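Keep the model open in a viewer with the sequence panel beside it. The stops below say what to select and what is found there.

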Amino acid sequence: MLEPSACTDGNYFENVMDTMIAALDSLVSWEPESSEMATAKAGNVSMSAAHISALTMISDMQALAKKSGDKRLASSLKWIPKKLGLNPLISICKKGRAPTYRTNRDMRMACRDVERGVSESVLMIASHTALSALSSPARATDFVVTCRPMLEHTMVRDRHAAVLVAGGYF
């Protein structure tokens, strides 16, 4: 995955977008019934490689936003995995292991949360980058400041739509 130290040219978010496209491509092409899907071994089911890559990407996006100096964006991005319960999974992946589950249902629920996390992170970064480039940095900051309480307090199933509405307003 993309390391924050690897981005020395100042194009943090362009590098993040390239990483996101690669990870999203693997998520879109993921098929639950494929042999790449984690297999059951001794009662344990582990997550697909695409979802593990997506977890790492979420962590990388947070680190790059923090390194770029945009504290408000980094602060908003930290709420996404926190509210979805992805932080324990991210720490497992950083140790080089794959999260395991007792049943396919548990694994699918975690995969759904990973997909939501990627979607919300991409939405926040893409909207922030577009508003900074097409409008003004102040408007992008206003967008992030407006979205942070939504990311903290809105129910998971409604959060993506709420952020989209806020993006449309700005």
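This is a predicted model: local features need pLDDT of at least 70, side-chain atom pairs count only at pLDDT 80 or more; totals for chains, interfaces and linings use all residues.

Apart from neighbours within four places in sequence, Met150 is in contact with Arg159, Ala162, Val163 and Ala166. Met150 itself sits in helix α6, which covers residues 137-153.

**Whole chain**

Zoom out and colour by secondary structure. The chain has seven helices and three strands, and reading along the sequence gives the order α-β-β-α-α-α-β-α-α-α. Of the 170 residues, 42% count as buried. Among contacts with a separation of 6 or more, 70% join residues 24 or more positions apart.

**Helices α3 and α6**

How do the two helices run relative to each other? Their axes come within 9 Å and cross at roughly 20°. Angles under 35 degrees count as roughly parallel, so α3 and α6 are roughly parallel to each other. The crossing is left-handed.

To see the contact, show side chains on both helices:

- From α3, select Arg72, Leu73, Ser75, Ser76, Lys78, Trp79, Ile80 and Lys83.
- From α6, select Thr141, Val144, Val145, Arg148, Leu151 and Glu152.

Colouring this contact by residue class gives six nonpolar, three polar and five charged residues.

**Helices α3 and α5**

The crossing of α3 and α5 is right-handed.

Again, show the side chains on both helices:

By class, the contact of α3 with α5 holds six nonpolar, four polar and three charged residues.

**Ser121**

Stay on helix α5 and centre on Ser121. Is Ser121 buried or exposed? Its relative accessibility is 2%; since buried means under 20%, Ser121 counts as buried. Select what surrounds Ser121: beyond its neighbours within four places in sequence, it is in contact with Ile58, Met61, Leu77 and Ile80.

**The largest nonpolar core**

In soluble globular proteins, nonpolar side chains tend to be buried together. For the case at hand, turn to the largest nonpolar core, which has 36 residues. Select Met47, Leu55, Leu86, Met124 and Phe143, the members that touch the most other members. Then colour the elements that give two or more residues to this core: α2 (49-67), α3 (71-84), α4 (87-94), α5 (104-134), α6 and α7 (156-169). Which element gives the largest share? It is α5, with ten residues.

For the last stop, centre on Leu55. Leaving out neighbours within four places in sequence, Leu55 is in contact with Met47, Leu86, Leu89, Ile90, Cys93 and Val114. Met47 and Leu86 also belong to the group that touches the most other core members.

Methods
Residues are numbered from 1 along each chain as its sequence is written. Side-chain values use heavy atoms; hydrogens and water are left out. Helices (H or I, at least four residues) and strands (E, at least two) are DSSP runs, numbered from the N terminus. Contact means heavy atoms within 4.5 Å. A nonpolar core is a set of buried Ala, Val, Leu, Ile, Met, Phe, Trp, Tyr and Cys residues joined through side-chain atoms within 4.5 Å. Buried means under 20% relative accessible area, exposed over 50%, partly exposed in between (1.4 Å probe, protein chains only). Axes are lines fitted to C-alpha atoms, for helices over the stretch in contact, and angles run from 0 to 180 degrees between N-to-C directions. Angles under 35 degrees count as roughly parallel, over 145 as roughly antiparallel, 65 to 115 as roughly perpendicular and the rest as oblique. A crossing is left-handed if the near helix is turned anticlockwise from the far one by less than a right angle, and right-handed if clockwise. Ala, Val, Leu, Ile, Met, Phe, Trp, Tyr, Cys and Pro count as nonpolar, Asp, Glu, Lys and Arg as charged, and the others, Gly among them, as polar.
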